[in-house]
Amino acid sequence: MRMASQGKGEGDQHSTDDNQSTSPTYTGWPGMIQQQYRKIKENAETYPYVWGSYIVVYGGFGLWFTYRWRKLRRTEDRVRVLQDRLRKLVEAEDSASSAVAEKVPPTADKPGIPN
């Protein structure tokens, strides 16, 4: 039994050595990135439906998020324009009412009108 486990272990070790010898070794950041890319690419080729579903789901979330973000920005722009328009209207009303108040003398100063 011990021999069988040793033989199996040696076979496993030998197969991992073969995998390591076929894959190129990378050094540094670019090498690590290339190695991760290669692993992801192999996984995507092995499980295409899983990766396809990830793309559909997370792509859908991305599209929905983009749609809501743009709609929020458009709403904020419309509110900003309306606030600006309202501010100008109030300023015009205030200036018109102050000009009218300066032209009309106060009624309390007129003689003959009881207070």
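This is a predicted model: local features need pLDDT of at least 70, side-chain atom pairs count only at pLDDT 80 or more; totals for chains, interfaces and linings use all residues.
**Aromatic contacts and a nonpolar patch**

Arginine 73 lies over the face of tryptophan 69, with 4.1 Å to the ring centre.

Now for the ring–ring contacts. The count of aromatic pairs comes to four. One of them joins tryptophan 51 and tyrosine 54 in an edge-to-face arrangement, at 6.1 Å centre to centre and with 75° between the planes. Both residues belong to helix H3, where they are three residues apart, or about one turn of the helix. Tryptophan 51 is partly exposed at 28% relative accessible area, and tyrosine 54 is partly exposed too, at 43%.

Tyrosine 54 also pairs with tyrosine 58: the ring centres are 6.3 Å apart and the planes sit at 50°, so this pair counts as tilted. Here the two residues are four apart in helix H3, again about one helical turn. Tyrosine 58 has a relative accessible area of 56%, which means that this residue is exposed, as the cut-off for that class is over 50%. Taken together, ring pairs tie Trp51, Tyr54, Tyr58 and Phe61 into a cluster.

Tyr47, Val50, Tyr54, Val56, Val57, Tyr58 and Phe61 make a nonpolar surface patch of about 760 Å².

Terms used. Residues are numbered from 1 along each chain as its sequence is written. Side-chain values use heavy atoms; hydrogens and water are left out. Patches are made of residues with over 30% relative accessible area and no salt bridge: like charges are joined within 9 Å, nonpolar side chains (Val, Leu, Ile, Met, Phe, Trp, Tyr) within 5 Å. Accessible areas come from the Shrake-Rupley method with a 1.4 Å probe; for residues, only the protein chains shown count as cover. A salt bridge is a side-chain nitrogen of Lys or Arg within 4 Å of a carboxyl oxygen of Asp or Glu. Rings of Phe, Tyr and Trp (its six-membered ring) pair if their centres lie within 6.5 Å; planes under 30 degrees apart count as stacked, over 60 as edge-to-face and the rest as tilted. Buried means under 20% relative accessible area, exposed over 50%, partly exposed in between (1.4 Å probe, protein chains only). A charge sits over a ring if NZ of Lys or CZ of Arg is within 6 Å of the ring centre and within 35 degrees of the ring normal.
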